[in-house]
Amino acid sequence: MILKIKLIVCSTFILLLFLTTSCDKAPELIKVENIETYRYPDDSNEIENLTEHKKSNKIKTICIFRFSTGYQKMLFEQKIKFNKNGKPILSAHLDLDSSDSSFVYYFYDDQNNRFLDVSIGSNKYDTIYTFRKFDTYSHVQDEINYNIKRKELGYYKNRRITPVTDLEIQIEETEYGNDFTYGKVTPSYQYRTKLKIIDDLDVSSYTNRWVCQDSTYSSSYTDSYRFSGSKLNRKEVKYALKYNDQGDWIEKKGDSYLIEREIDYYREEPDDRKQQFTYSNIIIKKLDSLMITIPKEAWKNHKEKHDAISERRNIIKESRYGKKIELIESDSLAKFTPVLWHVVSQDSGFCAGCDSLCFVVAYNTPLKKEDSNLRCLALYKKFNSKYILQKQSFGAIESFNDYDDDWAFDGYNETDFYVSIQGGAIIIDYSYMRGEASYTYAFQDGNWVLLNYSSNHRTCCEVESYSYDYATKQYSFSVFSTSEETGKDTSYTVLQDRPIILMDSMNVSEYDYNETGLLVK
């Protein structure tokens with residue numbers, strides 16, 4: 001009995017000793033220097049990689065040159081200055097298009113951790129603070145990027161690293177940012193990664209990536225890495241280095257980049273270089289406070305946004321959305337808006353055929369035609385403090401796609417047009433990535449008709465424009481070259497007698513726009 005008790009006590013002591021030793025011993029993975037950036041496919045722009053050097057060398061400056069695929073030659077990119085501890089304190093970037101320079105100032109804490117970057121843009125307006133807080137292993141656990149001039153959040157990242165075993169760690173990271181469609185800060189991404197040492201050099205990685213605002217883009221994937229000194233590098237990423245006599249690399253060539261460095265060394269003991277820029281402690285305190293408040297606010301906004309999406313989904317499913325503008329008269333334009341319709345643009349003025357001030361309103365609607373959503377153009381007149389519906393048309397404005405798939409119809413690619421009243425006519429202007437278009441509708445003989453149309457489209461080498469005016473019956477076409485290598489410029493104007501098109505029978509999506517003119521299919 002006594003022997004049994006002694007065995008139990010001894011076993012318990014050994015177990016406790018094992019657990020204590022396992023908890024106190026830091027796994028090799030948690031000591032990796034680039035734990036924040038190891039998973040980036042291309043880290044050639046990271047300041048840590050651009051400035052790496054032998055610790056025994058006293059670096060004064062490094063000039064970075066990078067091969068430009070556009071210019072097909074090496075171009076100067078930036079000059080980096082160092083302090084006496086071999087840490088970068090200032091980077092000056094040259095803008096090749098404007099010849100202006102932007103600057104980044106680097107600041108360090110008592111443990112030599114780079115806790116702050118202050119970036120001053122070449123326009124001298126944007127000043128961006130990137131503030132960091134570290135864990136006991138000098139890894140960044142909180143990082144916030146904030147434009148103090150615009151008072152605009154760039155991002156906030158929260159990272160936690162947890163040892164699982166001596167051979168495995170777990171990294172949990174959440175990134176927050178401004179949802180420009182929603183107009184509030186929300187969680188953007190969440191990563192949960194497990195890194196595991198396979199052998200002396202190889203490390204496996206398994207990551208769950210959740211896209212918070214649209215989980216259909218979420219994914220899980222595996223990667224393989226290798227130890228390279230105290231860093232992790234992707235197995236498939238390879239680069240070649242050339243070194244100088246001091247043992248620092250002066251050329252780095254990867255699959256998609258070529259970097260050269262000109263290094264200037266101190267010939268004597270370096271002086272204690274001081275920063276030329278002083279950061280604001282008030283701003284640092286504000287950013288520190290935002291690190292605390294952003295997660296709670298962001299998740300609250302996330303819930304509100306997705307609750308609203310769920311409600312709109314149910315409205316669509318149950319067909320409770322507006323099929324047309326039902327109201328005829330109201331004291332407010334907003335009251336005319338049917339359920340789930342979104343007002344994109346509106347304007348006021350005097351229109352032909354209307355005896356008082358008019359208002360034109362353009363809506364995105366949930367109404368479908370084939371795979372696209374219809375838009376509605378509505379005209380109201382104001383009389384005796386009342387708005388009175390005069391007309392609504394579902395063919396006058398080009399249809400659209402719900403790119404955000406949230407049934408809000410307010411995304412950037414869903415609202416790329418505006419309406420106006422000019423000279424008694426209604427004008428619809430579109431703005432595309434590589435061109436513009438414009439439709440003008442006028443009131444004639446008791447009907448709203450298409451008065452004229454114009455469009456232009458840009459490519460890398462030319463600008464193509466065409467238009468038709470129903471009043472003058474003139475069709476114009478032109479192609480202007482933007483490159484010396486393309487053909488000659490072409491332009492002509494001809495008379496074409498086309499039938500009048502009524503707004504009510506108009507369908508913008510059913511027209512071919514080519515050099516022969518605007519043709520009805």
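This is a predicted model: local features need pLDDT of at least 70, side-chain atom pairs count only at pLDDT 80 or more; totals for chains, interfaces and linings use all residues.

Me: Why is Phe-409 called buried?

Reply: Buried means under 20% relative accessible area. Phe-409 has 1% relative accessibility, so Phe-409 counts as buried. The residue lies in the loop between strand 21 and strand 22.

Me: What is there to say about the phi of Phe-409?

Reply: Phi of Phe-409 is near 60°, a positive value in a residue other than glycine. Asp-405 also has a positive phi, near 55°. Asp-405 sits in the loop between strand 21 (386-393) and strand 22 (417-422).

Me: How do you know that strand 7 and strand 8 pair?

Reply: The cut-off is at least two bridges between the strands. Strand 7 (residues 140-147) and strand 8 (residues 152-165) have six bridges, so they count as paired, in the antiparallel sense. As for who faces whom, Asp-142 stands opposite Asn-158 in strand 8. The hairpin of these strands has four residues between them, and Lys-151 takes a positive phi near 55° there.

Me: And what makes strand 8 and strand 9 a pair?

Reply: Again, at least two bridges are needed. Strand 8 and strand 9 (residues 168-179) have nine, so they pair too, in the antiparallel sense. Ile-161 stands opposite Ile-171 in strand 9. This hairpin of strand 8 and strand 9 has two residues between the strands.

Me: What makes the largest nonpolar core a core?

Reply: The label calls for buried residues of kinds such as Leu, Ile, Phe and Tyr, joined through side-chain atoms within 4.5 Å. The largest such set has 39 residues, and those with the most contacts inside it are Leu-116, Tyr-129, Phe-131, Ile-144, Leu-287 and Ile-294. Helix 3 (residues 281-317) gives the most to this core, with seven residues. A second, separate core has 30 residues, including Ile-397, Tyr-430, Ala-437 and Val-479. In soluble globular proteins, nonpolar side chains tend to be buried together.

Methods
Residues are numbered from 1 along each chain as its sequence is written. Side-chain values use heavy atoms; hydrogens and water are left out. Buried means under 20% relative accessible area, exposed over 50%, partly exposed in between (1.4 Å probe, protein chains only).
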